[in-house]
Amino acid sequence: VTEQTRKIPMRRVAWPRASAALLALAGLCVFAAALRPFVRQAKSAAYVWQPAVPMRDKPIVMSPPVPMHAGDFSAIEVEAAAAPGRGPTELIVLWQSPGAYGFRFAREEVIFDRGMQRFRVDLTTNRYWRGRIGQIGIQWAGGDGDVDVRQLGVVRIERSERIGLAWRQLWTRVPLDNTSINYLTGPAILGHGLNFYVGLLAAAAATWYLALRSWRMGGMAAALSSHPSAKHLVAFALVAWLAVDARATLDLAHQAIDDLRKFRGARHTAALLYGDDLAACRDMIVDSVPLGAAFIVLSNDPYYPRHRLAYLLTPHRVCLAPERLAETEYVLVYDSGDVMYDPSLGLLRMADGDLIRAELVARTSEAIYLLRLVTPEEP
Amino acid sequence: MTEGRLLLALLLPWLAGGLVLRAMRSDRGWLEHVAGGWFLGQLLVVGWLFLLLRGGASVGLWSAVLPIAAAAAAAAWWCARQPPTTGRTQTSLHAPHASLAVWIAAAVILLSLAIKAAIVTAAIGGSPIRHDDALAIWLFRAKAIAGLGHLPLNPADPLYLGGTHADYPLFASLVPAWVAIVAGEWREAWVTLPWLGFYLNLPLMIAANLSRWMHWTRAGLTAYAVASLPLLVVHAMRPGYADMLLAGFLAAATLSALDAFHSGSARAIVLACVFGIGAAWMKREGLAAFGVVVAALMVPAIAAAHGRTAGLLRTFAVGGVVSTAAIWVGMDLTFMRDTFEGAGIHGDVWPVLGRHLGTWGSFGLFWYAVALGLVWRIASLWRHRTNVSPAIFCILLTAYGAAIFLCTDNARFAYNDQTPSRVFLQLSPAVAAAIAAAVWGRPTEASVSSGDHARV
């Protein structure tokens with residue numbers, strides 16, 4: 001091929017050589033794009049916002065728009081004060097991408113034990129701290145006192161710490177959670193996903209390879225149509241694919257090992273999986289509700305306890321929707337703020353104020369108990 | 001004893017499906033029969049259970065097993081009667097010539113797949129079910145049906161049609177219900193084993209089918225691409241959702257429709273219809289996806305089969321009537337009216353779809369590879385005027401997945417990130433098979449006979 005190329009007159013070779021050079025330049029640009037997160041530096045030291053109003057009564061407070069990239073900042077920092085022992089016990093930081101409907105959040109336990117304090121919520125291993133960020137905010141939870149917030153800001157990642165941080169983020173495990181059946185995020189590395197880096201590096205390598213082939217074969221068309229070129233381009237893609245696959249498989253393997261350890265020899269998997277309260281509810285219903293009978297669940301959480309208990313107990317005991325109260329004899333109250341049972345009067349006060357006669361069948365805790373509704377015919 | 005019944009629950013449908021497939025396509029290799037047999041067997045099982053249950057009958061071990069065993073015996077008898085096929089197209093997964101680099105790559109890929117299979121097996125065997133829809137819909141209905149031994153058909157019954165989401169197709173729940181009925185008890189590790197079967201047989205089916213039309217390395221790469229989709233592995237190791245089941249049947253329908261292209265075979269049309277019914281039965285999204293298979297692959301295959309068009313048309317017409325009847329009987333189609341009533345443009349969903357397909361890790365680099373494959377295929381059209389139907393199929397199927405969120409009020413499920421990745425997971429194996437056929441496939445018989453030429 002080289003011999004043939006040499007015989008081609010200079011005028012005909014010039015353009016293919018130029019296109020090869022352009023291709024090499026394009027590869028360089030792609031490579032630079034892949035490396036940019038490692039060397040970039042946010043212009044501003046930090047976006048700091050001072051709330052105009054004191055944050056009393058623990059509202060959700062969002063900042064004005066603070067356009068920034070998650071890859072430039074590692075944490076959200078809050079300066080606040082509260083009465084020692086009465087202040088909130090949990091700080092929730094929130095952020096939202098431009099145009100997104102929902103917020104992402106991270107929680108941090110806090111202790112107010114002196115005057116003005118500074119709390120930092122590290123986001124370097126949070127898988128949702130990626131891409132462009134439009135707004136940040138905070139919310140407090142726990143405690144019964146007010147809290148005054150002086151300022152809210154973000155902590156910049158310095159250039160010197162970027163490579164080390166990226167390495168740590170690459171290998172930080174992303175455990176499977178409730179959302180994992182819907183989607184997998186993968187690790188967030190300096191604000192980008194793994195596809196960003198691996199895809200760009202593979203594209204740069206493929207572009208340089210094509211440039212080299214074009215240079216040697218006298219044109220991109222010749223390079224692309226040659227069988228070895230196509231084969232080698234597939235090889236570049238395969239290496240990239242294997243890298244992404246290996247990273248994802250590593251997380252899945254860790255998860256499987258954790259699950260096996262957690263559930264190995266478990267005598268009561270329901271308790272491990274659903275929590276002791278729900279497992280105790282299941283046992284309580286099995287012991288007290290006759291076969292074939294129906295029950296309803298009244299809870300602050302309209303889904304989780306009802307779905308879990310329905311599955312665990314079907315088909316021998318049927319869990320009905322709360323609207324079908326009239327069709328059932330048994331009511332499980334599971335941590336519900338809307339209803340209240342008075343054992344001395346034998347009355348269950350419903351959310352709408354209705355009073356229903358009921359007797360206590362069993363109780364596992366102050367907030368979780370099983371009632372049997374008393375029919376009007378019963379004394 | 002119960003372990004023996006578990007083996008019966010898993011192996012009998014597989015055997016029956018494989019034998020029926022062999023009786024229909026005796027000219028194909030054993031790997032196609034094994035992998036495709038899994039899917040056909042599951043379809044036999046859920047179809048039979050559905051007939052029994054909707055007919056108001058109670059289901060027990062014998063009433064469930066005997067007809068499937070009879071189908072297997074009849075197919076075996078039919079196979080035995082057939083003369084040996086001389087021109088059998090064996091699946092060429094034994095590579096005659098490959099470089100050392102290819103063998104090393106194959107070893108790495110096989111190791112990766114073996115690790116994934118081990119992860120899935122360990123997860124299914126050693127940890128309980130936990131995800132919401134699995135507990136609240138698919139496995140809930142399966143547990144109710146298996147526990148009762150019949151399907152409550154009275155709308156006043158709290159367990160009417162399984163007790164929840166009565167408008168969802170029943171069939172995905174019948175897959176675990178079958179295992180529980182035959183094995184005689186409900187054990188989560190047992191009833192979810194079919195998900196392992198789907199996960200293992202899906203790439204095998206893709207590799208076996210594609211290797212008839214392209215070099216084994218390319219067929220193997222496509223199968224690996226599917227098996228290594230991170231979200232697919234999660235659906236296998238956290239079983240109970242219907243998405244992977246739908247993905248398997250849709251891929252099977254696509255491969256059969258591609259087969260109709262290459263062979264002009266009426267039996268391939270029949271199988272494409274059968275697997276398409278399976279896709280629609282598993283989840284409602286499968287219905288329109290099957291429609292895309294029909295429109296983009298089956299109709300052009302029939303149109304291109306010069307000399308056999310009339311015969312294929314007759315098969316296609318019968319298949320169409322049977323498919324329509326099966327879908328009409330098996331599905332509650334009222335959701336279509338709701339879908340059309342909620343039609344509208346939700347342009348702000350684009351960034352969400354981009355996040356699910358490319359930025360996040362659900363699919364790795366899959367959709368980038370699909371886009372590159374399509375660009376490559378379209379760019380090479382001027383040199384190779386081969387059939388473009390597989391490429392058009394990929395575009396239409398992907399567009400369908402996007403349209404679910406862009407053009408209907410299902411956009412709300414995109415805003416909360418609940419379903420976009422799952423919908424595209426349903427489509428991914430079919431897209432992978434078609435894009436491989438589009439980029440690497442040999443010319444169709446039709447295109448050869450009409451004078452087109454192509455890269456082999």
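User: Leaving aside its neighbours within four places in sequence, which residues is B:W178 in contact with, and what does contact mean?

Analyst: With neighbours up to four places away in sequence left out, B:W178 is in contact with B:A9, B:P13, B:V45, B:L49, B:A64, B:V65 and B:I68. They are called contacts because contact means heavy atoms within 4.5 Å. Please keep in mind that this is a predicted model, in which local features need pLDDT of at least 70 and side-chain atom pairs count only at pLDDT 80 or more, while totals for chains, interfaces and linings use all residues. Residues are numbered from 1 along each chain as its sequence is written, chains are lettered from A and ligands numbered from 1 in the order in which they are written, and side-chain values use heavy atoms, with hydrogens and water left out.

User: What makes a set of residues a nonpolar core, and which residues have the most contacts inside the largest one?

Analyst: A nonpolar core is a set of buried Ala, Val, Leu, Ile, Met, Phe, Trp, Tyr and Cys residues joined through side-chain atoms within 4.5 Å. The largest one has 219 residues, and those with the most contacts inside it are A:L332, B:L174, B:W178, B:L250, B:F366, B:F393 and B:L397. Helix α20 of chain B (residues 420–440) gives the largest share of this core, 15 residues; helices here are DSSP runs of H or I with at least four residues, strands are runs of E with at least two, and both are numbered from the N terminus. Another core, of 32 residues, lies apart from it and includes A:V61, A:V66, A:W95 and A:W140. As background, in soluble globular proteins nonpolar side chains tend to be buried together.

User: Why is A:E79 called buried, and which side chain does its own side chain make a polar contact with?

Analyst: Buried means under 20% relative accessible area, exposed means over 50%, and partly exposed is in between (1.4 Å probe, protein chains only). A:E79 has a relative accessible area of 10%, and therefore it counts as buried. This residue lies in strand β4 of chain A, residues 73–82, and its side chain makes a polar contact with the side chain of A:R118 at 2.5 Å.

User: What joins B:E32 and B:R212, and where in the chain do they lie?

Analyst: B:E32 and B:R212 form a salt bridge, their closest N and O atoms being 2.7 Å apart. The pair links distant parts of the chain, 180 residues apart, with B:E32 in helix α2 of chain B (residues 30–54) and B:R212 in the loop between α8 (193–210) and α9 (216–227). B:E32 is buried at 6% relative accessibility, and B:R212 is buried at 11%. Salt bridges that share partners join B:R25, B:D27, B:R28, B:E32, B:R212 and B:D259 into one network. Within that network, B:D27 and B:R28 meet at 3.6 Å, N to O. B:D27 is called partly exposed because its relative accessible area is 23%, whereas B:R28, at 6%, counts as buried.

User: What is the area buried between chain A and chain B, and how many salt bridges cross the interface?

Analyst: Buried area is the accessible area (1.4 Å probe) that two parts lose on being put together, summed over both. Here it is about 4,700 Å², of which carbon and sulfur atoms give 68%. A:I181, A:W241 and A:Y311 supply 18% of the area that chain A buries against chain B, more than any other three residues. The rule finds five salt bridges across the interface, one of them between A:R308 and B:D132 at 3.1 Å, N to O.

Key:
A salt bridge is a side-chain nitrogen of Lys or Arg within 4 Å of a carboxyl oxygen of Asp or Glu. A polar contact is a pair of N or O atoms within 3.5 Å; within protein, one must be able to donate a hydrogen and the other to accept it, and residues adjacent in sequence count only if both atoms are side-chain atoms.
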